[in-house]
Amino acid sequence: MSQHLTPLPPARDIPPPSGYTAMPLVDPFEAFVGPFFEKRVPQEGPGFDGEGELWAAFYIDERHINTQGICHGGMLMSFADATLGIVAWRMNDKHPCVTLSMQTNFLKAGKLGDLVEVRPKLVRKTSGILFASGSFEVKGEPLFTATSVWKLLKA
Amino acid sequence: MTDFPADYAPVADEGYNAYLGSIFMKQAPIGTERAHFLFDLKPHHLNAGGTAHGGLVMSILDTSCGATVAQMVGAPGSTISLNCDFLAGARAGDRLEISAHVTQKTKTVAFVEGQLTAQGKLLATARGIWRIFPEKVPE
């Protein structure tokens with residue numbers, strides 16, 4: 001939540017997919033369900049800070065599976081909260097932000113071993129509120145979508 | 001272990017739910033449209049600010065609302081859509097109380113509402129739609 005926090009080691013040591021690096025995770029819960037991965041693809045426009053467009057990803061492993069053998073909805077919502085929150089945090093000069101609301105749709109089942117990828121999108125930023133959304137995909141096919149509303153804290 | 005009341009039992013306690021820590025559900029007959037749950041918040045459920053991570057809160061609401069649908073229908077369903085609002089934060093050591101109820105059920109879907117409180121304070125609300133499979137209900 002702050003640039004001064006030290007990243008936590010994720011609960012599992014899983015190598016990143018090709019082109020990705022490990023995402024620094026400062027929230028204990030994200031380290032517990034992680035690792036998550038990130039890469040930057042060169043892109044211009046608001047929210048990119050000259051760092052390129054953010055891609056984020058995680059592998060569905062056996063910790064994330066529900067009683068029906070597919071990815072638990074809660075894990076997808078956790079990944080959405082983490083990754084859409086990065087947009088809010090970056091647009092708030094890396095000050096903390098809190099989720100006010102999240103709306104999610106589950107389009108198909110996520111399977112064990114699937115790599116879930118998202119390019120989190122800034123929708124709109126006002127002085128204290130930010131809207132962000134994402135389409136979470138496996139091999140380019142939409143799995144899950146989320147829209148979100150964030151409160152931008154001052155410090 | 002836990003000091004939850006004797007009529008509470010772990011719900012869907014494998015995989016992700018077992019990994020996070022058990023959510024306990026008050027036992028009720030099949031067909032009951034309302035359900036109650038308890039969950040103890042631990043340090044690994046938090047964000048860097050020391051409050052419950054939004055993803056953890058949504059995970060608990062998803063499991064609780066889904067278990068409520070399963071209790072009402074008699075067979076598990078699948079989340080189609082879930083919307084959550086966050087009103088206030090919870091801290092480690094808090095006992096979270098979740099209540100959920102099915103507001104409408106058709107042949108193929110169920111509509112559910114849930115709320116999450118700690119010490120009587122409303123922290124989060126959820127509204128969702130589940131795909132249900134009444135044909136899978138054991139005879």
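Modeller: Start with A:D61 and A:R63, whose side chains meet in a salt bridge at 2.7 Å, N to O. The term salt bridge means a side-chain nitrogen of Lys or Arg within 4 Å of a carboxyl oxygen of Asp or Glu. Both partners are buried: A:D61 has a relative accessible area of 8%, and A:R63 has 4%. Here buried means under 20% relative accessible area, exposed means over 50%, and partly exposed lies in between (1.4 Å probe, protein chains only).

Some ground rules. This is a predicted model, in which local features need pLDDT of at least 70 and side-chain atom pairs count only at pLDDT 80 or more, while totals for chains, interfaces and linings use all residues. Residues are numbered from 1 along each chain as its sequence is written, chains are lettered from A and ligands numbered from 1 in the order in which they are written, and side-chain values use heavy atoms, with hydrogens and water left out.

Next, A:R12 and A:E62. They form a salt bridge, with the closest N and O atoms 3.0 Å apart. This pair links distant parts of the chain, 50 residues apart. A:R12 sits in the segment before β1 (21–22) of chain A, and A:E62 in the loop between β3 (53–59) and α2 (73–91). Helices (H or I, at least four residues) and strands (E, at least two) are DSSP runs, numbered from the N terminus. A:R12 is partly exposed at 30% relative accessibility. A:E62 is partly exposed too, at 47%.

A:K121 and A:E53 make another salt bridge, at 3.4 Å from N to O. They too link distant parts of the chain: A:K121 is in strand β6 (residues 121–125) of chain A, A:E53 is in strand β3, and 68 residues separate them. A:E53 is buried at 8% relative accessibility, whereas A:K121 is partly exposed at 37%.

Over all chains, the whole structure has six salt bridges.

Now the backbone of chain A. Most residues other than glycine have a negative phi, and most peptide bonds are trans. The peptide bond from A:G34 to A:P35 is cis, with omega near 15°. A:P35 belongs to the loop between α1 (28–33) and β2 (37–41) of chain A. A:D93 is not a glycine, yet its phi is positive, near 55°. It lies in the loop between α2 and β4 (97–106) of chain A and is exposed at 60% relative accessible area. A:K139 has a positive phi of about 50°. It is found in the loop between β7 (129–138) and β8 (141–152) of chain A, and it is exposed at 75%.

Back to chain B as a whole. Two helices and seven strands make up its secondary structure, in the order β-α-β-β-α-β-β-β-β. Its C-alpha atoms fill a box of roughly 45 × 30 × 25 Å along the principal axes. Of its 139 residues, 49% count as buried. Its charged side chains are 11 positive and 13 negative, and the centres of the two sets lie 5 Å apart. Lys and Arg count as positive and Asp and Glu as negative, without His and the chain ends; each charge is placed at NZ of Lys, CZ of Arg, CG of Asp or CD of Glu.
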